[in-house]
Amino acid sequence: MNTWVQGLDNPLSARLRDPATSGYAGVLLGIFAAFLAIPPIEARTYTWPIVVGVVAVVLGIWTVTRGRLRLGYGAIAAGLLGIGLGMLATRSGTGNLQAVFNAALIAQTFAFSTPLVFGAIAGMFSERSGVVNIGLEGMMLMGAFWGVYGADIGGTWVVGLVVGMAAGGLLALIYGFFAIHLRADQIVGGTAVNFLALGITGYFFFQIYNGNYVPQGVSTIPSVHIPGIASTGFLGPAIGNLNLMVWVSFALVIVSYVVVFKTPIGLRIRACGEHPRAADTVGINVYAVRYGCVALSGLLAAAGGVYLSDGFGGGTFTDNMTEGRGFIALAAMIFGNWRPFGAFGAAVLFGFSSAVALRLQVYSASASTLFNVLPYVLTLIAVAGVIGRTVPPAADGKPYRKQ
Amino acid sequence: MSEIDPHGSKPQSPEEAASSGTLVASIALKQRAGGIVVPVLTAVIAFLLGGFVVLATGHNPLLAYRDIFNGAGLNWIFHPTTDVANTSAYNLTQTLLQTTTLILTGLAVAFAFRCGMFNIGGQGQYFVGLYVANWLGYDFQGMAALPHILIAVGGATLAGALWAGIAGFLKATVGAHEVISTIMLNWIAIWMGEWLFGDGGPLQNAANKTVPISNDVATSAQLPVFWGEQQLQGLHVGFFVALAALVVFWLVLNRTTLGYEVRAVGFNPEAAAYGGINVKKNLVRAMAISGAFAGLAGALDMTGYLYHFGVSDIPANSVGFLGIAVALLGRNTAVGTGLGALLFGALLFGTTHGLSSNVIQPELAGNLTYMIQGLIVLFVGADVLILYVWNTRKKLRPRPAKAAA
């Protein structure tokens with residue numbers, strides 16, 4: 001792939017002829033074709049989605065003939081999907097469409113994507129250092145229960161956040177001890193972590209709250225009310241009143257990008273994940289880096305869990321509250337190719353599909369299911385290498401033995 | 001307990017294979033070193049730790065475990081009777097029902113493991129089997145019993161094989177990690193169930209369109225019950241099918257060319273390829289056979305005692321995931337998986353429906369099962385620890401003997 005600096009040397013016309021450009025343009029147009037039929041644009045005829053979708057398919061074919069097979073097929077698929085979804089949307093009533101696709105959908109998308117962002121970034125740190133983390137789901141669940149418990153006994157959501165994150169971090173350290181020191185198989189260990197968290201949270205939830213709900217009025221994580229924006233027509237319902245943790249998740253993505261790719265610490269983390277022996281040779285303490293990353297992974301995943309129970313959930317907990325969100329986060333990380341912005345993009349896409357699924361439930365149960373299952377199908381396609389290949393860190397999942 | 005033969009399954013010496021670093025090879029090494037001691041020790045430690053949690057929360061762990069033991073109907077052995085009016089006999093039939101399922105979901109994990117793959121997708125394959133068995137069991141109304149059962153069970157088994165085969169195919173062709181693809185396939189299967197049995201879904205009850213529950217399978221597709229009564233979830237003949245599956249598993253792995261190839265690929269894929277074994281073909285084949293076991297589990301549950309399934313039953317069901325603990329505790333051997341399935345079957349029923357005690361509530365005990373399951377899987381994955389303790393003990397033992405001599 002050309003770097004940006006090399007791109008400067010090429011004339012613009014050459015870059016436009018580059019199959020990568022046409023491929024990405026095709027993918028974007030394909031997605032756009034689906035959006036044409038829904039508010040705020042809301043085309044009411046088949047024509048526009050078809051025209052734009054066909055252009056996307058043509059660009060895809062062009063790309064395929066120029067050798068970028070996967071990208072080209074991706075654009076063709078996006079174009080066809082765009083035509084299909086666009087045509088489906090034009091067939092339903094305008095009123096229904098406006099009830100489903102409005103500014104509040106943006107807020108809801110972020111509400112759904114935030115735990116996924118925390119989980120995906122958590123997974124990224126662990127896996128970048130070379131420890132596969134299938135246990136994200138369990139760590140998130142620990143955060144969800146102990147977070148709301150902390151907020152209940154501590155009287156403030158800050159205590160809840162600290163207690164929840166500590167619980168997730170502790171579970172991660174136990175996992176780390178088995179995965180790093182005892183060189184246990186990491187998939188087996190991660191699976192164990194998920195069972196363990198399910199048992200621990202379920203047991204103590206029943207023991208502490210006698211099988212009832214967490215009492216009403218637990219201090220919850222507040223929303224950020226932006227005075228200037230909150231009263232405006234479109235932006236107000238969209239971003240004027242988001243939960244604090246949503247904004248934290250945005251910051252987290254930027255900070256983790258800088259840490260992983262622009263600092264010496266990040267270089268060390270990546271070295272441990274790519275070639276631990278070489279990292280050890282130049283004096284990096286591989287075990288320490290991996291322990292740090294796994295613990296951080298637990299803290300972050302649990303923070304996503306605390307948001308789920310004490311932010312999004314409004315101070316409640318139910319058995320197995322995460323309901324597979326840890327696995328969607330894992331999927332987002334893979335889909336985003338083990339990169340912060342990629343993971344964020346995937347998390348927002350998956351959050352969007354969950355939000356749409358929730359809204360569609362009233363109108364059509366089967367369409368709702370389709371959007372619920374989308375993250376898993378997309379990830380399956382991504383690992384199959386149909387649209388771009390996902391490449392994990394080279395030493396991901398391989399225990400390291402000191403010499 | 002000499003049936004667990006650690007020497008019976010090795011195309012090369014385990015020490016040699018372990019140097020290749022594959023998971024199967026290292027497990028084989030530990031298997032040889034620890035035998036049955038390590039799994040038993042693992043389970044004991046997990047039960048002890050679970051007992052600590054019970055104690056710390058103000059319950060008596062010994063009484064709680066006794067109640068779970070009785071709840072599982074294991075006290076039946078003290079006064080055996082075939083009369084299911086007797087509580088212990090009834091509880092035992094229910095435990096064996098769970099054991100039937102767990103044997104098969106355990107084998108689904110174990111078979112893939114012996115080929116060097118971790119099949120986390122047993123749950124999804126089980127669900128797919130369940131759906132197809134429900135569909136075929138309901139759709140061919142008025143058929144003779146035997147062909148109907150064969151069609152329903154066979155179709156469901158095939159569906160499970162195909163579902164797992166996707167993961168195997170992706171692994172063989174593009175190298176997609178089977179763990180990731182089976183996790184995704186699990187969730188796709190779960191949502192598929194929500195759609196199939198949900199409002200307006202194709203398998204939703206035809207008579208009552210307001211509840212998200214499937215049709216009952218026709219009486220012609222229901223398996224005969226041999227212990228207990230059909231209306232009260234008696235033990236069906238699928239139990240013997242599961243036992244037969246254990247034998248088939250052992251025979252296929254240890255006495256056929258297919259099994260030899262599967263194990264060779266599991267020990268060391270490079271060496272197997274060098275020896276002329278088609279690695280890709282074996283990956284797909286092993287995954288498909290794994291999925292067939294899980295699909296069969298779903299088929300036997302549907303035609304054996306569930307008869308119908310609903311959207312709300314989906315998240316409550318975790319027999320596929322329990323299969324992981326069963327197989328790992330059983331060291332991926334036939335006998336081990338059978339015993340592991342009995343243990344977890346007893347835990348599953350004994351801590352929930354069978355439990356009638358004021359020492360510990362079923363809700364707590366049910367979660368205790370999850371904890372014990374997690375601890376067992378955690379320790380089995382790292383039996384370096386337990387082996388270390390065991391070996392130190394063995395090293396320490398001869399000393400006084402030497403001193404005496």
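Predicted model: local features only at pLDDT ≥ 70, side-chain atom pairs only at ≥ 80, totals over all residues.
**View 1**
Chain A holds 19 helices and two strands, while the secondary structure of chain B comes to 18 helices and two strands. Of the 403 residues in chain A, 54% are buried; in chain B, which has 405 residues, the buried part is 58%. When contacts in chain A between residues at least 6 apart in sequence are considered, 74% of them join residues at least 24 apart, and for chain B the corresponding figure is 74%.

**View 2. The domains of chain A.**
The domain assignment divides chain A into domain 1, covering residues 4–97, and domain 2, covering residues 102–383. Taken over C-alpha atoms, the centres of domain 1 of chain A and domain 2 of chain A are separated by 31 Å.

**View 3. The contact between chain A and chain B.**
Chain A brings 37 residues to this contact, and chain B brings 40 residues. On the side of chain A that touches chain B, the elements giving two or more residues are α10 (186–209), α17 (325–335) and α19 (365–383) of chain A. Of these elements, α10(A) gives the most, with 14 residues. Sorted by kind, the residues on this side of chain A comprise 22 nonpolar, 13 polar and two charged.

**View 4. The nonpolar cores.**
In soluble globular proteins, nonpolar side chains tend to be buried together. The largest nonpolar core in this model has 239 residues, and the residues with the most contacts inside it are A:A332 and B:F293. Leaving aside residues up to four places away in sequence, A:A332 touches A:L116, A:A120, A:A343, A:A346, A:A347 and A:F350. Another core, of 18 residues, lies apart from the largest one, and its members include A:L29, A:F32, A:L59 and A:I76.

**View 5. Helix α8 of chain A and the residue just after it.**
Just after α8(A) comes A:G155, which takes a positive phi of about 85°.

**View 6. A:N337, a loop residue with positive phi.**
Most residues other than glycine have a negative phi, and most peptide bonds are trans. A:N337, found in the loop between α17 and α18 (340–360) of chain A, has a phi near 60°, a positive value in a residue other than glycine. Is A:N337 buried, exposed or partly exposed? A:N337 counts as partly exposed because it has 17 C-beta neighbours inside 10 Å, a number that falls between the limit of 20 or more for a buried residue and that of 12 or fewer for an exposed one.

**View 7. B:R331, a loop residue of chain B.**
B:R331 is found in the loop between α14 (319–329) and α15 (334–350) of chain B, and the phi of B:R331 is near 55°, again a positive value in a residue other than glycine.

Note on methods
Residues numbered from 1 in each chain as written. Chains lettered and ligands numbered in written order. Contact = placed C-beta atoms within 7 Å. Helix = DSSP H or I, 4+ residues; strand = E, 2+ residues; numbered from the N terminus. Nonpolar A, V, L, I, M, F, W, Y, C, P; charged D, E, K, R; others polar. Core = buried A, V, L, I, M, F, W, Y, C linked by C-beta atoms within 7 Å. Domains from an automatic or database assignment.
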